[in-house]
Amino acid sequence: MTHGRVVKPKVIVSEQNETFKSLVKLLSSRGIQEQGQALIAGDKIIPEVVAHHASLITAWITPEGWESPPADVQWIVLGAKLFETLNQFGTRSPLLVVRLPRFAVWSDKADWPMGCSLFLALQNPDNMGAVIRSAVAFGVSRIVLLRESAHPFHPKSMRSAGTALLKANFEKGPSISDLSVTGAPLLALDAGGAPLETCKFPERFALLPGVEGPGVPAQLAPNNRISISMEPGVESLNAATAAAIALYEWRRSVCS
């Protein structure tokens, strides 16, 4: 980033300030969705955003004495305690507010891409971020976010996903209770399904990990369920781990 004229910061020292209140709302999925913006934090992801997605940046947030932004970006300087409220993971970089990229709306009737379309209704943002990282690592074609899912740009999701968050192809889908997949085979991860190692993955398919707790609704893929083989008596894996294993097995089968 190159610096032009000197930018005068907007200094905020009160937690009652309306701009600060708006920033705090970006710590929740609801606030992100309502504002169409996200708060980006992370020593590795910040340089990635600055280098390759600078047009999305709307504000540069620092405590007093830190580096100023480019001339065309709003600079917000927060009191130390206010900055720490937003900087929940103790990063050593400025925080960025970015406009969210627009997610296409998923349609079952549209052409299906080759490979895996991953459908997610995960409500835990840590799990969401972990699955996004795995999805990008193993070459998932797209991630369809069902209505129940945590927002992928939730700070906890971002911490888990890292720079993979900026490389994923997201689409918006319906509620998991309304999901109907007919354009490609739907495979659901379920403890009662067939062993994963016996699965023959189609060229195009949908993969659905269960929601934390309830799992996969009974009406979805009742005859197309796969499970991770484990030792008897061991509690089931969480959704993020199960999804990562399934994606690895799919990628291994494609590359073998």
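Predicted model: local features only at pLDDT ≥ 70, side-chain atom pairs only at ≥ 80, totals over all residues.
Strand 7 covers residues 115-120, and six of its six residues are buried. The strand is therefore largely enclosed by the rest of the structure.

Strand 7 pairs with strand 11, which spans residues 204-208, in the parallel sense over four bridges. Within this pairing, Leu118 stands opposite Leu207 of strand 11.

Strand 7 also pairs with strand 8, formed by residues 142-145; this pairing is parallel and involves four bridges. Here the bridge partner of Leu118 is Ile143 in strand 8. To pass from strand 7 to strand 8, the chain runs through helix 5, made up of residues 125-137.

## The cysteines

The structure contains zero disulfides. Cys116 takes part in no disulfide, and its nearest cysteine sulfur, belonging to Cys199, lies 11 Å away. A disulfide would require the two sulfur atoms to be within 2.5 Å. Cys116 has a relative accessibility of 0% and so counts as buried.

Cys255 is likewise in no disulfide; the nearest cysteine sulfur is that of Cys116, at 13 Å. With a relative accessible area of 55%, Cys255 is exposed, because the cut-off for an exposed residue is over 50%. Cys116 is thus buried, whereas Cys255 is exposed.

Definitions and conventions:
Residues numbered from 1 in each chain as written. Heavy atoms only, no water. Buried < 20%, exposed > 50% of the residue type's maximum accessible area, 1.4 Å probe, protein only. Helix = DSSP H or I, 4+ residues; strand = E, 2+ residues; numbered from the N terminus. Pairing = 2+ DSSP bridges. Right-handed = clockwise from strand over helix to strand, strands pointing away.
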